[in-house]
Amino acid sequence: MSQLLANVFHSEDSIPEHLKISHPIEQREYLINGELKTWNGNLNPVLSPVFIKDGNNYVQKNIGSTPLLTSKESLEALEAAANAYDLGHGDWPTRSVVSRIEHVEKFLSAMRLKRQEVVKLLMWEIGKTQKDSEKEFDRTCDYIVDTIKGYKELDRNSAKLIEEQGFMAQIRRVPLGVSLCMGPYNYPLNETFTTLIPALIMGNTVVFKPAKYGVLLIRPLIEAFRDNFPPGVINIIYGRGRETVGALMETGRIDVFAFIGTNKGANDLKKLHPKSHRLKAILGLDAKNPAIVLPDADLDNAVSECITGSLSFNGQRCTALKILFVHKSIVDELIQKLVREVKKLKPSMPWEEDVSLTPLPEPGKVEFLRDLVEDAKLHGAKVMNEHGGEFLNSFFYPAVLYPVNEKMKIYSEEQFGPVVPIISFEEDEEAIEYVVNSNFGQQVSIFGSDSKRVAKLMDAFVNQVGRINLNTQSQRGPDTFPFNGRKDSAEGTLSIADALRVFSIRTIVATRNNDGNKQIISNIIRNRESAFLSTDYIF
Ligand code: G3H
């Protein structure tokens, strides 16, 4: 074993005292109808990607367990959410905007108190570095603040009557019903909350099932959910997807399906809904975002962006750069620089200072990546960096692969991990062809300075992907920007403002603009007789 690998995992006594998990956290609680219930059935063990070095042995850290609920409990959660919605007449969907905002604000204050606990669990459960875990928590809080701001603005824009072709009308956004929210393991807090919070604030009721990994970290927030939302408005369930979520979809009583994961998973679940026309889906799925590096690109910038783009959180971002097209004239120089930068990335435990590379949470992932690298080698690629592709337990050292071609799996399969495939091209058309023929359509990054050439590429991609990045890596943020994708990459658009739209529908009250109707409308507004028809302005 190389010295590099030998240094990745540490002994128990090297872990800072306040970050240790001395006893596994046995979670038996789940939330239904405002009540923390206790589960007495089977539990799902939570194994950390962190292994503890004990002499020459490595022991995978067991950090706890979560309830393995069955379809019975998940259907109870659905019942609670459906009752709270009460076919649109429930207390939550009919509450004033101000009141729903107050609940979310109180929840946010309670959530902020749990920062340390959640950050610690993010590190242990998914191996995210401390810095990135803190960023995930803070970004989520900011997202909630901005969502509140966005909702106020949306409401203000609706606080007026419009007159058109002899009609007067008021248009407002109202909730859709019962939402099922499921997030991914790479952003188990942030991405989940980017659907959960807008769903709630718009007046929907929610069944929330945490991601496959990154489950325990929701536990510190359960009381905040229970105490700050009325019973049944938010219900949190745990267990295997097919058993719990499948049962929910089969009832046909889910109105909105918010899911961040694989397109296969989304398809399988959507198909279970008996009335697909009544199911609104908002999906964030797979991607294979390419970077295209042109001959006149600022190479230092391109390398630095490609490094963070393909290797931050070990490449486990849906927006990561997953294949690099580099012009033949600069490919050798770029690889040299890239390899030099990869070498600077520190592999270690998530809480170590300046760490970049950490163990991977998915069981079997290391083997999957090893097979991708072997397959590429078999078809002519070389690992260009020292230690590239070396692995130990759950840790996989980044492999820079070159030259990559279409016979290799890595050419079209999403690696979602630390493998950086590089293809050299002569004609820009080669990169365009790749994007056009790809099953994915999330983003692309172009690096170059010749405006004409860049513009030509941009125009070639505008009908292929959701975002074209110039001289920067692909990414979701800022969260006010629309985040979406085409083909197998997404359904619908998320952003602070878009999410509020996705979880709502416009309803209109309209009447002919005559004296009698004007009088009725004016009475309703002046006497505050309707919650919907109102010109109240939220500050
Ligand atoms: O995993 C996909 C995330 O939406 C990516 O977000 O670009 O901010 O890392 P990010």
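User: Asn190 first. Buried or exposed?
Analyst: Asn190 counts as buried, at 1% relative accessibility. Buried means under 20% relative accessible area, exposed over 50%, and partly exposed in between (1.4 Å probe, protein chains only). This is a predicted model: local features need pLDDT of at least 70, side-chain atom pairs count only at pLDDT 80 or more, and totals for chains, interfaces and linings use all residues. Residues are numbered from 1 along each chain as its sequence is written, and side-chain values use heavy atoms, with hydrogens and water left out.

User: Where is Asn190 found?
Analyst: In helix H7. Helices (H or I, at least four residues) and strands (E, at least two) are DSSP runs, numbered from the N terminus.

User: What is Asn190 in contact with?
Analyst: Glu136, Arg139 and Thr140, leaving aside neighbours within four places in sequence. Contact means heavy atoms within 4.5 Å.

User: Now the ligand. Which residues are around the ligand?
Analyst: Arg139, Asn186, Tyr187, Glu191, Arg317, Cys318, Thr319, Gln475, Arg476 and Phe483. Each has a heavy atom within 4 Å of the ligand.

User: Which atom of Arg476 lies 2.7 Å from a ligand oxygen?
Analyst: A backbone N or O atom of Arg476. Arg317 has a polar side-chain atom 2.7 Å from an oxygen atom of the ligand. For Asn186, a polar side-chain atom lies 2.8 Å from a ligand oxygen.

User: How much of the ligand's area does the protein cover?
Analyst: 95% of the 310 Å² of accessible area that the ligand has on its own. Those areas come from the Shrake-Rupley method with a 1.4 Å probe.

User: Switching to Asn204. Where is its place?
Analyst: In the loop between helix H7 (190-201) and strand S9 (205-209). Asn204 is buried, because its relative accessible area is 0%.

User: Which backbone nitrogens does the Asn204 side chain reach?
Analyst: The side chain of Asn204 reaches the backbone nitrogen of Leu176 at 2.7 Å. The backbone nitrogen of Gly177 lies 3.0 Å from a polar atom of that side chain.

User: What else does Asn204 touch?
Analyst: Its contacts include Trp92, Pro175, Ser179, Ala199, Val233 and Phe503, not counting residues up to four places away in sequence.

User: How far apart are Arg278 and Val233?
Analyst: 45 residues in sequence and 20 Å in space, C-alpha to C-alpha. Arg278 is in contact with Ile254 and Asp255, leaving aside neighbours within four places in sequence.

Terms used:
A polar contact is a pair of N or O atoms within 3.5 Å; within protein, one must be able to donate a hydrogen and the other to accept it, and residues adjacent in sequence count only if both atoms are side-chain atoms.
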